[in-house]
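User: Hello! Could you walk me through a few local features of the model shown here?

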Amino acid sequence: AAQVVGFVAGQGEGARGYLGVEGYYNVQLSGTVRDREVSSIPLDQPQDNLALDAGANLVLTIDRDVQALVETELRNAVQATGAQGGHIIGMDPRTGDIIAMAAYPTFDPNNFSDPRYTQNDLRNPVISDVYEPGSVFKVLTIAAALEMGAIGENWSYNDTGTFEIGGIE
């Protein structure tokens, strides 16, 4: 889930999250660094207000096992078909939770500065790219027709029509 999570770069106080949830929630996740003087007298210990400075926890709905399966199958499908890339989103239909989100090609977040990776490899094309949702709506239309009983499971359709735009069919 490299493109979903993003990565952290820099060291010490200069470290920050880039891209994905690491970049988007960087301020909330990183917390605040404080310097303070602490007494060496055992009875004069300061109140523990460090918890207020700790970064927030962020829990994703991504399921590790489903994500690994989706990434493996996506990589295999892209390589088997010779495609340039692909995307998969796995969603729990009961809750709407995203349990897997994968894009291929991807990158290694532990080695994000590898010169093989382009800027396009680092961003999440699943949510960043613009595409026509025609294929998605075909599935929804057929599902609605099946549910309403307008068609049966053995129904088929052959569209032989054409559409002309600017003199081109």
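This is a predicted model: local features need pLDDT of at least 70, side-chain atom pairs count only at pLDDT 80 or more; totals for chains, interfaces and linings use all residues.

User: How many salt bridges does the structure hold?

Analyst: Residues are numbered from 1 along each chain as its sequence is written, and side-chain values use heavy atoms, leaving out hydrogens and water. A salt bridge here is a side-chain nitrogen of Lys or Arg within 4 Å of a carboxyl oxygen of Asp or Glu. The number that the structure holds is 3.

User: In the salt bridge of arginine 116 and aspartate 114, is aspartate 114 buried or exposed?

Analyst: The two side chains meet at 3.0 Å, N to O. Buried means under 20% relative accessible area, exposed over 50%, and partly exposed in between (1.4 Å probe, protein chains only). Arginine 116 has 61%, so it is exposed. Aspartate 114 has 14%, so it counts as buried.

User: Which residue forms a salt bridge with arginine 123?

Analyst: Arginine 123 is partly exposed at 26% relative accessibility. The closest N and O atoms are 2.8 Å apart, and the partner is aspartate 129.

User: What is the omega of the cis peptide bond that joins tyrosine 104 and proline 105?

Analyst: Proline 105 lies in the loop between β4 (98–104) and α5 (119–122). Helices (H or I, at least four residues) and strands (E, at least two) are DSSP runs, numbered from the N terminus. For the cis bond from tyrosine 104 to proline 105, omega is about 10°.
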